[in-house]
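Hello,

Here is the structure I promised to pass on. Please open it first, then read my notes below.

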Amino acid sequence: MTTTAFITHRDCQLHDMGTHHPECPQRLTAINDHLIAQGIDAYFVYYDAPLATFEQLLRVHPASHLERIKRASPEMGIVHLDPDTAMNPHTWQAALRAAGAGCMAVDLVVGGECENAFCAVRPPGHHAEKATPMGFCFFNNVGVAAMHAIKAHGLERVAIIDFDVHHGNGTEDCFAGNDQVLMCSIFQHPFYPYSGTDKPAANMCNVPLAAGCGGEEFRDAVLQVWTPRLKEFQPQMIFISAGFDGHYEDDMGGLKLVEKDFAWCTDHLKKLAAEMCGKRIVSMLEGGYVMTSLARSVGAHLRVLADL
C-alpha cells in the first residue's frame, strides 16, 4: 500500500471570511468527517503543517505582497482585500500554514518518507498572483511548493495539474514563460476569473471547457492534450491543484464532473508519475464548496492516492 501523507493544521479552520462565505471552515470539517465515516482515515500518515518561511514565499511573491497582507491583518473583525477575499485575525497564520504544508509535502515526498501527499489546507491558493491576493487566495500555495522543489531540492522540471472549475490565473501569472514548470489545466470558460485563453505562454497547457461539459470532455482533455505534453516535458514531480468545484452538485460552477472522474484523473496521473518521476505527487486542496460533494470527491481522490 502506498504511504500517503495527509498534511493539515487546525489554524486553517480558524480563518473565516464571514457568515455565508462559500470558502468556509466547515470545508475541512466535512472532509475529515467523511474520511472517518468511510473508515479510511487510519490509512494516512498525519502531519501538522509548518508556517511557510519568508524565504519560501519570496521565491514566488515579492516582499511588497507579503507586507501588504501582513499589514492588512486585523486584530479583530473582518477586513476585505477585495469583495471576495477577506481576513480575520487568524488568516495570516492560516495562509502561512497553507503554503508551508506544500513545502513540507515536497520534503516528505522527495525525501522518500511518503510516496505522495495531500494538503488539506485553506485558504486555497491558485488565484493568488505574484503581487495580488484574489479569489479567496492570499499566497499561491502550489506555486510556493513547486518552487521549493526546484530551489531547495534541485529539481529541474515540475508539472502543475489544475482541475479546479476556475482557471488558476495566479499560478499562470507566477509561472508563464518559466521553462522549468509546465502547467496543465482545465476550467470552465467563459467564467471567473475570465483568463487562460488569451495567448497563453508556451508552458501553459490550458483546456477551456464550456458549461455543461462532464466526464467525457474532461477525460478527452487529459488524454488528448495534457498527457502528450506531460510525456514530452518529463517532469520530475507532479503537483495537483485539486479543486473539486467542477462537481455537478457544486453550484459555484457549471461543469458536470462526478467522483469517479476525479478518481480516474488521479489514477491516470499516478500512472504517469510512476512512469516519469518516481511516483512523486503532491496534491493541494483548492476549490469545492458544497460540503457533501467536496467530501466525497476528496475521499475518492485520496483512495486512489493511497491505493485503497
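**Salt bridges and a helix pair**

R59 is partly exposed, because its relative accessibility is 21%; the class runs between buried (under 20% relative accessible area) and exposed (over 50%), with a 1.4 Å probe and protein chains only. E55 and R59 form a salt bridge, with the closest N and O atoms 3.7 Å apart. The term means a side-chain nitrogen of Lys or Arg within 4 Å of a carboxyl oxygen of Asp or Glu.

This is a predicted model: local features need pLDDT of at least 70, side-chain atom pairs count only at pLDDT 80 or more, and totals for chains, interfaces and linings use all residues. Residues are numbered from 1 along each chain as its sequence is written, and side-chain values use heavy atoms, without hydrogens and water.

The structure has 11 salt bridges. One of them joins K270 to D307, at 2.6 Å between the closest N and O atoms. K270 sits in helix α8 and D307 in the segment after α9, so the bridge ties parts 37 residues apart in sequence. Helices are DSSP runs (H or I, at least four residues), numbered from the N terminus. K270 is buried, at 14%. D307 is partly exposed, at 44%. E23, R27 and R122 form a salt-bridge network.

Now the helices. α7 (residues 215–233) and α8 (residues 259–276) pack at about 15°, with axes 11 Å apart. Axes are lines fitted to C-alpha atoms over the stretch in contact, and angles run from 0 to 180 degrees between N-to-C directions. The two helices are therefore roughly parallel, a label for angles under 35 degrees.

Best wishes

Definitions and conventions
Parallel < 35°, antiparallel > 145°, perpendicular 65-115°, else oblique.
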